[in-house]
Amino acid sequence: MNKYLLFFIASIAISCADRSTPKQTVEQKESSAVENTSIVILGNVQDAGSPQIGCKKECCAALFENPDTERRVVSLGVIDTDNQKTYLFDATPDIAQQMKMLTQYEPKSDNEVVDGIFLTHAHIGHYTGLMYLGKEAMDANATPIYVMPKMEEFLLNNGPWDQLIQRENVVLNAMVDQNAVELSQEIMVTPFLVPHRDEYSETVGYRIQGPNKSALFIPDIDKWEKWEKDIVEVIQKVDYAFLDATFYSGKEINNRDISEIPHPFVVESLEKFKDLNVKEKAKIIYIHFNHTNPLLDPNSEESQIVLDKGFKIGRINDVFAL
């Protein structure tokens, strides 16, 4: 009897092992280290993720049954290899995986928590990940959070965010429009205001200056024409430009009033940037894709159009040397 029981147990163990996929896991992918100060894309999806809650469209149907682990809400990470530090840009609902990804890119430090988080604004995909720093989760110790004035006021005066501050899970660091934050002798981060739906806070983009190169991060803006600055001129002054590409065109949104959620359509941006030379076009990396956006699919016709025109599409784990 014992002989058959052992055989049965062994058979189960073998069958479980057979069900494991030989495909490289996300964790294995994320363990890659970088040797030089760099930016890494930790997510490229709009605030509500993909699949999106309540979505019955074809773009979501299969993802509910077979989730794509690389579809995470938009965030960038900066790896400061000289000082063994890491910085997160926006605290998304996917912060647990993204912070793990980012800290693993810096192998000389065993720190599981980033050395600072820069917030762009108070829309759900960009700050609500802060909740995982609190008492119910990791109970962080004085994680620096970089905020603009209205964002600071919002966090100080609303729960559960105020509890994070009272318990010193986080420490708020106030920023000023156009004033650089010096993270090291070679890394500076400068916030700048952009027009967006500012129900609870202002909205900023960032200029990230590294030892050798600089980057622009604008995950959300209403329209390029609403901004007091010329986006083309701004792009020409940096080496990388991570830009809002929420909707490919207005056609994909057929159940919402598009005027209530304005963003630059990708087709509009392609037209606006069409006269840039090859070098300038290659700086532009589109990010922040709505769950309906065909650019989420690397094999879509729209993805090929964007690439053929000389632009880039931001994918998770893409690394850019600073």
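Predicted model: local features only at pLDDT ≥ 70, side-chain atom pairs only at ≥ 80, totals over all residues.

Student: In which sense do strand 4 and strand 5 pair?

Tutor: The pairing is parallel: strand 4 (residues 117-118) and strand 5 (residues 143-147) are joined over two bridges.

Student: What is the strand order of the open sheet?

Tutor: The order of its seven strands is 6-5-4-3-2-1-14, and the pairing is mixed. At the edges are strand 6 (170-174) and strand 14 (319-321), each of which pairs on one side only.

Student: Which strands does helix 4 lie across?

Tutor: Helix 4 (residues 95-104) lies across strand 1 (38-43), strand 2 (75-80), strand 3 (85-89) and strand 4. Relative to strand 1, helix 4 runs at about 155°.

Student: Is Phe118 buried or exposed?

Tutor: One compares the relative accessible area with a cut-off, and buried means under 20%. Phe118, which is found in strand 4, counts as buried because its relative accessible area is 0%.

Student: Which residues is Phe118 in contact with, leaving aside its neighbours within four places in sequence?

Tutor: Its contacts are Tyr87, Leu88, Phe89, Asp90, Tyr146, Met175, Val181, Leu183, Val189 and Tyr206. Of these, Leu88 is 30 residues from Phe118 in sequence, with 6.3 Å between their C-alpha atoms.

Student: What share of the chain counts as buried?

Tutor: Of its 322 residues, 51% count as buried. The chain contains eleven helices and 14 strands.

Methods. Residues numbered from 1 in each chain as written. Heavy atoms only, no water. Pairing = 2+ DSSP bridges. Helix = DSSP H or I, 4+ residues; strand = E, 2+ residues; numbered from the N terminus. Contact = heavy atoms within 4.5 Å. Axes fitted to C-alpha atoms, helices over the stretch in contact; angles between N-to-C directions. Buried < 20%, exposed > 50% of the residue type's maximum accessible area, 1.4 Å probe, protein only.
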